[in-house]
Amino acid sequence: MDLRVKHSLETRIEVARLFDAGFGFHAVATQLGLRRDSVRNWHDQYLQGRLLDSAVMGNKKYSPQLKIAAVEKFLSGTPKQDVLVEFEISTRAMLDKWVVTYRDEGPAGLSKTAGRKARGDGPMTPEEELAFLRMENEILKKWVALAQEEDRRLSGL
């Protein structure tokens with residue numbers, strides 16, 4: 001059973017708007033009544049330009065070479081935030097997990113494959129592509145509508 005809270009696209013758009021306005025993750029979490037760790041992850045994604053990317057909400061695969069390079073860069077003293085942005089790592093928890101594995105098992109530990117086999121790595125069927133494009137279009141429509149609503153609200157002040 002998945003106990004994670006799923007936030008709406010509108011919530012993510014509002015979070016992005018507040019980040020655009022210069023607020024940090026702590027202020028945004030407080031203002032919107034959200035968990036700080038969730039908003040911190042979203043801030044990492046925002047800095048990577050991926051907060052509203054539908055791919056963020058799915059699983060992302062990382063090559064063993066990328067994992068090793070990211071961990072070694074972090075262990076050499078580069079701040080975690082910089083490593084997340086440079087290597088486009090989706091969450092801090094993922095990097096933390098890699099660091100623990102690297103320290104316990106060395107680079108070979110990050111070369112192991114785990115999990116289920118991918119359903120298919122081939123190109124999308126026309127139906128899948130159409131569904132994806134429709135979803136993407138809906139996201140953009142909602143973003144534009146919320147931005148226009150915000151502009152009207154601000155111009156009325």
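**Salt bridges and helix packing**

A search of the whole structure finds nine salt bridges. A salt bridge is a side-chain nitrogen of Lys or Arg within 4 Å of a carboxyl oxygen of Asp or Glu. The model is predicted: local features need pLDDT of at least 70, side-chain atom pairs count only at pLDDT 80 or more, and totals for chains, interfaces and linings use all residues. Residues are numbered from 1 along each chain as its sequence is written, and side-chain values use heavy atoms, without hydrogens or water.

Arg 17 pairs with Glu 14 in a salt bridge, with the closest N and O atoms 2.5 Å apart. Both lie in helix H1 (residues 9-20), three residues apart. Helices are DSSP runs (H or I, at least four residues), numbered from the N terminus. Arg 153 forms a salt bridge with Glu 150, at 2.7 Å between the closest N and O atoms. This pair sits in helix H7, about one turn apart. Salt bridges that share partners join Glu 14, Arg 17, Glu 150 and Arg 153 into one network.

Arg 92 forms a salt bridge with Asp 44, the closest N and O atoms being 3.0 Å apart. The pair links distant parts of the chain, with Arg 92 in helix H6 and Asp 44 in helix H3 (residues 36-47). Both residues are buried (under 20% relative accessible area, 1.4 Å probe, protein chains only).

Helix H4 (residues 64-75) packs against H6 at about 85°, with their axes 10 Å apart. Axes are lines fitted to C-alpha atoms over the stretch in contact, and angles run from 0 to 180 degrees between N-to-C directions. H4 and H6 are therefore roughly perpendicular (65 to 115 degrees).

Notes
Helices (H or I, at least four residues) and strands (E, at least two) are DSSP runs, numbered from the N terminus. Angles under 35 degrees count as roughly parallel, over 145 as roughly antiparallel, 65 to 115 as roughly perpendicular and the rest as oblique. Buried means under 20% relative accessible area, exposed over 50%, partly exposed in between (1.4 Å probe, protein chains only).
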